[in-house]
2 protein chains.
Amino acid sequence: MIRMFISLMLLLSFAQAEENLPSWNEGTSKQSIINYVTAVTKEGTAHFIPVKDRIAVFDNDGTLWSERPVYFQLYFAMDRVRELASEHPEWKTTEPFKSVLENDMNGVMKSGEHGLVTLVNATHSGMDVETFKTEVREWLKTAKHPTTNRSYTDLIYQPMMEVIRYFEANDFKVYIVSGGGIDFMRSFVPEMYGIPEEHIIGSNGKVHYENGKIIKDDEINFIDDKETKPVAIYYTIGKHPVAALGNSDGDFAMMLYTEANMKYKTLQLYVHHTDEKREFAYDRKSHIGKLDKGLDYGKEHNWTIVDMKNEWKAIYPFELTK
Amino acid sequence: MIRMFISLMLLLSFAQAEENLPSWNEGTSKQSIINYVTAVTKEGTAHFIPVKDRIAVFDNDGTLWSERPVYFQLYFAMDRVRELASEHPEWKTTEPFKSVLENDMNGVMKSGEHGLVTLVNATHSGMDVETFKTEVREWLKTAKHPTTNRSYTDLIYQPMMEVIRYFEANDFKVYIVSGGGIDFMRSFVPEMYGIPEEHIIGSNGKVHYENGKIIKDDEINFIDDKETKPVAIYYTIGKHPVAALGNSDGDFAMMLYTEANMKYKTLQLYVHHTDEKREFAYDRKSHIGKLDKGLDYGKEHNWTIVDMKNEWKAIYPFELTK
């Protein structure tokens, strides 16, 4: 029994040494992630971080799964608007509903993140949270991404899942800090990413308690974007992260907040969307996932900028089984 | 090495079997806690709860430390008001400041939990969160509880610390869900109770992000009491707890929310303040920590009601070293 245990441990440690970040090509980004984790987890050395302070925060849209042509949650909200439109004649003349019903994506996009949350709130108030999450799960089972015709849950980034597992294996607590809706994410993230509900931070609506249930009200409570990402981290986590991983200027404040950690060595990583062929290529001029200020600052300050095209062997998990 | 490891494991499991809840007298409450934890952690049996769903929520004031004559945070806030009064002549005529400066405790108490947060916000806006927490820690070093002349941090409940450790040893995630201020608690709870910042939920004020720091604004954001305790649990944890431990009607909704968990066997525990001699005796008619509706409901529904006087060998840790 004991011998078996030791063999297993050896096997595991060997497998781990072999298999950290297997979907990453050897290169600057992979090396910087491994160098960082190695530096901060070796007890007795200069950059050691105690386990309790190993907090890593990840953006979701464009960092852990794709966000093009528009945020996936927006497709969900638009499908719901279409389903419920007959009960809401006023939507025909009210934005952002009007644009949805007219299939005017530009009009919808103009409403921004605020519009997205408005759509979700409006179509999902008056029901309890668990019912909402079940609806999202049902939708995910059949909905198809418009340009790839894949399930949305197929479009998660394999290399970033490996970063999450690598952090966890080194006793980091991994949190998602996203502009996406908290209930939308909580409906699939625990199963898809292996990150529990209590580590998912996002935009959210007002709710109230009633007879053992949490009921969703039709009002925005908190938009988790830009300067409010550090605020959300404060409310939920209560301490400076040491690692922040994102892909847009929406993550810039959260990354600066992490960099401002006075106590510990930190890691900032930007996923740079450079792969027009396998995914999408966009940065400074994009409406979705605009990366401009952060890109300049990151390059000047030695942040890790991942070139998806050249540094990722695979983007999506389904490429591995080809 | 291996032999030493095995000896150590045997020693630990022996020590654990011997020492669960050592400050509890044998009796109904101790047995119900142990029965519950035993029932839900045995894989393959009817009431087994997977580790990911083992969420326990504890109230703080009156559940993990004393709350009489008034909430300890109120003493802190009042000391700060006195210190800063010369800069705020308007306080002489504005409640709840007026009552504080006139040493009128009844007047202060009338302002309730809202008044407490107002006092804290007013005396602590415009500074960053870390500076605030340092001030609380400095205050705790010298401040004395008015009736016992003890440090406030001496007045934590030894038997409840043992419940926290017992839950943790059985892979529960332990959260505090308190009406007290989130930053006030985060300043001492991690060190005193061994519960990390990210597991502390409480009332809080508005904040904003500025140059790598979280700055506290002079405005209430969220009061975590009664029906908003389940709401706070939803935002931060995102799933039904399985165990809820409190001492007042302020915890009643959180306990009902836990009881409404459809998936798992749950535990509800009330600390009933019955010990006038070693602590304080109060329940149905108290302004602070009123326990009335919850006591009736709990008795009818087989909740665990702890009789502090008869079930706790020691109340405070300092009694152990007598």
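User: Where does B:Pro96 lie in chain B?

Analyst: This is a predicted model. B:Pro96 sits in the loop between H3 and helix H4 (97-101) of chain B. A cis peptide bond joins B:Glu95 and B:Pro96, with omega about 0°. Most peptide bonds are trans.

User: Which peptide bond of chain A is cis?

Analyst: The one from A:Glu95 to A:Pro96, with omega near 0°. A:Pro96 is placed in the loop between helix H3 (72-84) and helix H4 (97-101) of chain A.

User: Is A:Lys226 exposed, partly exposed or buried, and why?

Analyst: Count C-beta neighbours. A residue is buried with 20 or more other C-beta atoms within 10 Å, and exposed with 12 or fewer. A:Lys226 has 18 inside 10 Å, so A:Lys226 counts as partly exposed.

User: What about B:Asn211: where does B:Asn211 lie?

Analyst: In the loop between E3 and strand E4 (213-222) of chain B. B:Asn211 also has a positive phi, near 50°, in a residue other than glycine. B:Asn211 has 9 other C-beta atoms within 10 Å, so B:Asn211 is exposed.

User: How should I read B:Gln31?

Analyst: B:Gln31 belongs to helix H2 (residues 28-40) of chain B. B:Gln31 is partly exposed because 13 other C-beta atoms lie within 10 Å. For a distance, take B:Leu21, 10 residues away along the chain. The two C-alpha atoms are 10.0 Å apart.

User: Which residues of helix H9 of chain B are buried?

Analyst: In H9 (residues 182-193), they are B:Ile182, B:Asp183, B:Phe184, B:Met185, B:Arg186, B:Ser187, B:Val189 and B:Tyr193. Next, look at what covers them. The cover includes helix H3 (72-84), helix H7 (129-142), helix H8 (158-169), strand E2 (173-181) and E3 of chain B. Just after H9(B), B:Gly194 takes a positive phi of about 70°.

User: Now the whole fold. How many helices and strands does chain A have?

Analyst: Chain A has 13 helices and 8 strands. For overall size, compare the radius of gyration with that of a compact globule. With 322 residues, such a globule would have a value near 20 Å; chain A has 20 Å, so the two agree. Along the principal axes, the C-alpha atoms of chain A fill a box of roughly 65 × 45 × 45 Å. Of the 322 residues, 44% count as buried. Sequence separation is another check. Among contacts in chain A with a separation of 6 or more, 66% come from residues 24 or more positions apart.

User: Which domains divide chain A?

Analyst: Domain 1 (22-68 + 152-205 + 221-321) and domain 2 (72-142). Their centres, taken over C-alpha atoms, are separated by 27 Å. The contact takes 15 residues from domain 1 of chain A and 15 residues from domain 2 of chain A. On the domain 1 side, strand E2 (173-181), helix H9 (182-193) and strand E3 (200-210) of chain A each supply at least two residues. H9(A) gives the largest share, 5 residues. By class, that side has 4 nonpolar, 8 polar and 3 charged residues.

User: How many residues does the largest nonpolar core have?

Analyst: 160 residues. Those with the most contacts inside the core are A:Ala56, A:Val57, A:Ile176, B:Ala56, B:Val57 and B:Ile176. Take A:Ala56 as a case. Leaving out residues up to four places away in sequence, A:Ala56 touches A:Phe167, A:Phe172, A:Val174, A:Pro241, A:Val242 and A:Ala243.

User: How many residues of chain B are in contact with chain A?

Analyst: 27 residues of chain B, with 27 residues of chain A. Elements of chain B giving two or more residues to that side are strand E3 (200-210), helix H10 (228-236) and helix H11 (252-259). Its residues divide into 16 nonpolar, 5 polar and 6 charged.

How values were computed
Residues numbered from 1 in each chain as written. Chains lettered and ligands numbered in written order. Predicted model: local features only at pLDDT ≥ 70, side-chain atom pairs only at ≥ 80, totals over all residues. Helix = DSSP H or I, 4+ residues; strand = E, 2+ residues; numbered from the N terminus. Contact = placed C-beta atoms within 7 Å. Nonpolar A, V, L, I, M, F, W, Y, C, P; charged D, E, K, R; others polar. Domains from an automatic or database assignment. Core = buried A, V, L, I, M, F, W, Y, C linked by C-beta atoms within 7 Å. Rg over C-alpha atoms; globule rule 2.2 N^0.38 Å.
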